[in-house]
Amino acid sequence: MTRLIYPLDGLKAHPPSLSPAYTSTVRRAPSKPLILLPHSLTEVTGPVYGHDSVVAGEADLTRQHAGEPLGERIIVTGRVLDEDGRPVPDSLVEVWQANAAGRYIHVKDQHPAPLDANFTGAGRCLTDTDGRYRFVTVKPGAYPWRNHHNAWRPAHIHLSLFGHSFLSRLVTQMYFPGDPLFPFDPIFNSIPDEAARNRLIARFDLSVTEPEWALGYQFDIVLRGRQATPMEEPHHD
Amino acid sequence: MTELLSPVHDLTPSQTVGPFFHFMLTPKAYGVREIFTADLTQEGPGGDRLRIEGRVLDADGAPIPDAMVEIWQADANGAYAHPASPKPAANGFRGFGRCPTDAHGAFAFDTIMPGIVTTFDGAPQSPHIAVTLFARGMTRHLVTRIYFAGRDDLAADPVLALVPPERRSTLLAVAVAKGLWEFTIRLGGDAETVFFEA
Ligand SMILES: [Fe+2]
């Protein structure tokens with residue numbers, strides 16, 4: 001049977017559904033194995049949200065209110081690529097984060113750290129023809145959560161991407177180099193492979209840094225997807 | 001047969017969407033501009049209108065109040081709003097919806113009955129909607145499909161054929177009134193929903 005299949009090897013990078021140290025996974029992981037889905041047009045297509053989905057200013061999280069937010073101003077940029085290393089252009093990137101004090105604007109966030117009237121922490125941008133995105137924001141603070149005693153999340157920015165197809169959908173988190181909380185964070189460590197984990201850590205980049213204004217970080221993102229190539233798919237049990 | 005070379009770039013791993021996504025991903029209540037909704041009929045596609053209501057339940061059957069459900073579907077003619085689709089989708093129809101679950105774990109989409117999409121072998125698939133599920137406590141999204149109970153062509157669907165017969169019903173939305181379908185997503189229990197690796 002001829003099927004259009006992207007290779008599955010790369011999926012090993014993802015964390016397993018059940019990661020007991022992250023206690024909420026215990027009741028939210030399926031108990032039965034996933035069934036391999038042959039790729040049809042349903043999977044190799046996917047939502048297309050291009051230039052009409054982003055408006056000017058949404059990529060600068062420091063200029064969404066009357067004043068500037070408190071915190072360390074940063075630039076986060078990188079390229080969105082597919083597994084062949086080709087850029088993914090005109091693709092929507094959505095980001096959300098806590099403020100510099102480690103507090104989300106979200107109604108359910110109970111952390112007793114101050115909100116910042118000048119910071120929402122939500123941004124959107126579109127990748128350019130080279131697959132590059134760029135946000136201006138402030139560095140988010142670490143925050144506590146109730147997973148275990150004295151649990152703190154390392155500073156992170158949440159990202160959501162679509163890419164070329166239904167198969168390239170990705171929601172992930174970007175971390176900052178040298179965070180002392182890495183060894184203690186069950187979410188970061190839900191990814192079994194150390195090299196894969198480390199791909200979620202942005203790289204400080206002096207060439208992205210703007211003098212007397214903002215520190216720069218590079219964070220490249222690789223989404224599922226290859227040059228579409230029909231192949232004979234061996235039988236999977 | 002065409003061999004695929006191994007990928008040259010390693011995937012960026014997934015991380016949970018966490019509990020605090022609403023103010024970006026489904027942000028209406030926060031005064032942030034919203035670009036995705038759960039009402040695909042606003043795009044004015046032709047076809048039979050339908051509403052899909054459901055809940056997301058954890059392994060103990062408890063509602064998950066902080067999940068997000070996304071759907072992806074063809075228009076009434078089986079065309080996707082994507083350049084790889086051999087025929088173009090109905091004018092203005094994008095085929096994508098997003099809905100957070102509420103305090104009862106409930107979600108709902110207003111959309112149209114998708115048309116028939118064939119496999120790359122030319123085999124017709126029964127009309128279906130692709131579903132992506134995100135939640136706090138889920139390290140990576142899960143993928144499933146909504147099919148529509150009662151259709152004659154379910155028996156010949158090549159994807160359902162891969163699912164053990166006793167589990168196929170977990171992929172079927174059930175009509176509870178004219179145009180109203182119910183689809184429950186269960187992360188465990190006797191009727192655990194079938195999820196796919198794609
Ligand atoms: Fe977070």
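I began with strand β10 of chain B, where Phe196(B) is the bridge partner of Ile35(A). I take strands (E, at least two residues) and helices (H or I, at least four) as DSSP runs, numbered from the N terminus. β10(B) pairs with strand β2 (residues 35–36) of chain A in the parallel sense, over two bridges; pairing requires that DSSP find at least two bridges between the strands.

Ground rules: I am reading a predicted model, in which local features need pLDDT of at least 70 and side-chain atom pairs count only at pLDDT 80 or more, while totals for chains, interfaces and linings use all residues. Residues are numbered from 1 along each chain as its sequence is written, chains are lettered from A in the order in which they are written, and side-chain values use heavy atoms, without hydrogens and water.

Next, the contact as a whole. I find 84 residues from chain B and 99 residues from chain A in contact (heavy atoms within 4.5 Å). The buried area (accessible area, 1.4 Å probe, lost by two parts on being put together, summed over both) is about 7800 Å², with 63% from carbon and sulfur atoms. On chain B, Leu11(B), Gln15(B) and Phe20(B) lose the most area to chain A, together 11% of what that side buries.

I then looked up polar contacts (N or O atoms within 3.5 Å, one able to donate a hydrogen and the other to accept it; residues adjacent in sequence count only if both atoms are side-chain atoms). There are 45 such residue pairs between chain B and chain A, both residues at pLDDT 80 or more. The largest share of the chain B side, six residues, comes from β5(B).

Salt bridges (a side-chain nitrogen of Lys or Arg within 4 Å of a carboxyl oxygen of Asp or Glu) number eight between chain B and chain A. In one of them, Arg94(B) and Asp52(A) have their closest N and O atoms 3.3 Å apart.

Last, aromatic pairs (ring centres within 6.5 Å; planes under 30 degrees apart are stacked, over 60 edge-to-face, the rest tilted). Phe162(A) and Phe96(B) have ring centres 5.3 Å apart and planes at 90°, so the pair is edge-to-face.

Note on methods
Rings of Phe, Tyr and Trp (its six-membered ring) pair if their centres lie within 6.5 Å; planes under 30 degrees apart count as stacked, over 60 as edge-to-face and the rest as tilted.
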